[in-house]
Amino acid sequence: MFEPASKENKTPTPTYQGKMLLCNERTFWRWFYKDLNSAHKIVHIISPYITVRRSGMLSKYFRELISRGVKIIIHTRYVTDHDNQQMRISAKFSILALKSMGVKFHFVSRTHRKVALIDDQICWAGSLNILSWNDTPEQMNRFDCANIANEFIRELNLRT
């Protein structure tokens with residue numbers, strides 16, 4: 001799945017093989033932004049935590065999608081479920097800012113899932129918190145398969 005790293009670049013480059021792609025925290029973002037840019041109908045992001053830093057980085061993509069009529073729904077913990085006061089303040093500010101641009105929210109108690117679904121076809125799932133990731137090693141799996149996306153939608157009981 002990964003090409004061998006060259007001596008100049010110790011980071012393996014993922015190669016896309018059919019319907020599944022494995023990425024790490026460095027290679028994920030390029031593919032994820034490409035998928036976001038290709039969205040036509042709906043984007044679900046399930047992320048237990050949300051921070052000003054990461055939501056700010058994603059907001060330009062969200063604005064563009066919303067201007068094209070794409071519905072964005074974020075499923076995250078209630079603000080009060082965040083771990084400490086600083087995280088609660090960051091989450092509250094992020095949620096208010098994203099709501100003001102048209103992002104919809106569904107709040108879920110104690111979720112720890114990290115998933116994104118794009119147009120009920122592309123599914124990202126793994127260990128990276130899309131709305132709060134900072135610098136930890138992570139893994140994300142990409143599936144280009146409506147059947148897998150529909151299983152996630154059913155399993156997670158995603159509402160639109």
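Colleague: Why is the contact between D35 and R142 called a salt bridge?

Modeller: The closest N and O atoms of D35 and R142 are 2.7 Å apart; a salt bridge requires a side-chain nitrogen of Lys or Arg within 4 Å of a carboxyl oxygen of Asp or Glu, so the pair qualifies. The pair links distant parts of the chain, D35 in helix 1 (residues 28–37) and R142 in strand 7 (residues 139–144), 107 residues apart. Helices (H or I, at least four residues) and strands (E, at least two) are DSSP runs, numbered from the N terminus. This is a predicted model, in which local features need pLDDT of at least 70 and side-chain atom pairs count only at pLDDT 80 or more. Side-chain values use heavy atoms, with hydrogens and water left out.

Colleague: What makes D35 buried?

Modeller: Buried means under 20% relative accessible area, exposed over 50%, and partly exposed in between (1.4 Å probe, protein chains only). D35 has 3%, and is therefore buried. R142, at 7%, is buried as well.

Colleague: Why is R26 called partly exposed?

Modeller: Its relative accessible area is 48%, so R26 falls in the partly exposed class. R26 forms a salt bridge with E25, with the closest N and O atoms 2.8 Å apart. E25, at 10%, counts as buried.

Note on methods:
Residues are numbered from 1 along each chain as its sequence is written.
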